Structure formats: structure tokens, C-alpha cells
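Open the model in your viewer and keep the sequence beside it. The tour goes from stop to stop, with something to select at each.

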Amino acid sequence: MTDTLSEICESMISTFDGSGKAAPENFYHGLVIGLIVELRDRYEIKSNRESGLGRYDVMLRPKDKKDNAIIIEFKSKRRIDNGRTLEELCDMVLKQIEDKKYETELLTAGFSKEKIIKLAFAFKGKELLIKKR
């Protein structure tokens, strides 16, 4: 996924596509939803729903419980991020997923912790890093 998104960012989008205060995360959020829509036969794809103590960005809830569930959270690097690297932003996002207990909906539905993949997407302009826990 990192390779595909990096290629899209480098060759098809402008840094202006995700400009503005909240726009970068919203832009990449929409882009990823567009890419994963083809999985809708295998997954229930949810966006911006409450679970646990907060609201996740994207959740892929498998229709077959033998498949892994996926929680995706986006973070755009801004000037206010005090020099954090994309790696540090990903770590921050993964901590947010844990702290806010976004997996609660999946656990309640009977998915085991081992079947839940947590993905952090960090962006800065056309640069991208995805980190998994």
C-alpha cells in the first residue's frame, strides 16, 4: 500500500491538493477510501465512526471473521508538529488508536486482538509513511 500511495502522490497529485488547515488529512482520507472501495465485498468499510473513547478515521470490518480487521488513522505533518518526523507522527497515531480504544467496536463484535491490524498513515506533502501495529 505504501508503494501504491507513494506512486500516486509523486505522479498524480499536487501538494496543493491537500493544503489548508484540515484539508491534508481529509484529502488523504478520501484518497484511501477510494482505493479500498474495491474491498467492499469482503469488508464493511466504515469512516469517521465512534468507537471506544473517540472516533477512528477508517475501519475495515471483515465479513468473514477469519480475516483481519483493520483500523486506519491519518495524520498530516504541519508546522506545528515541532519538527517531528513522519516516523514519530506514526508512533503518535498508533498511541492514539490505543489510548482512544478504537478497537472496542471490533472486540465487542467478537474479533480477537490478534486479528486487529492498526495502521498509522503520516503525510507531509507528497511524502508518506505507513506504520503497522
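Start at the second largest pocket, which holds about 220 Å³ of space. A pocket here is an open set of points on a 1 Å grid over the protein atoms alone, where a 1.4 Å probe fits, with protein on both sides within 12 Å along at least five of seven lines; lining residues have an atom within 4 Å of a point. Points are joined across faces, edges and corners, and the volume is the space filled by probe spheres set on them.

This is a predicted model: local features need pLDDT of at least 70, side-chain atom pairs count only at pLDDT 80 or more, and totals for chains, interfaces and linings use all residues. Residues are numbered from 1 along each chain as its sequence is written, and side-chain values use heavy atoms, without hydrogens and water.

Now select the lining; among its residues are Glu25, His29, Arg55, Tyr56, Phe74 and Gln96. Helix 2 (23–36), strand 5 and helix 3 each supply at least two lining residues. Helices (H or I, at least four residues) and strands (E, at least two) are DSSP runs, numbered from the N terminus.

Five strands form an open, mixed sheet in the order 1-4-5-6-7; strands pair if DSSP finds at least two bridges between them. Strand 1 (43–47) and strand 7 (127–132) are the edges, each with a single partner strand, so one side of each has no neighbour in the sheet.

Zoom in on strand 4 (residues 58–62) and strand 5 (residues 69–76). They pair in the antiparallel sense over three bridges. Valine 58 stands opposite isoleucine 72 in strand 5.

Last stop: select tyrosine 56 and tyrosine 102. Their aromatic pair is edge-to-face, 6.5 Å centre to centre with 75° between the planes. Rings of Phe, Tyr and Trp (its six-membered ring) pair if their centres lie within 6.5 Å; planes under 30 degrees apart count as stacked, over 60 as edge-to-face and the rest as tilted. The structure holds four aromatic pairs.
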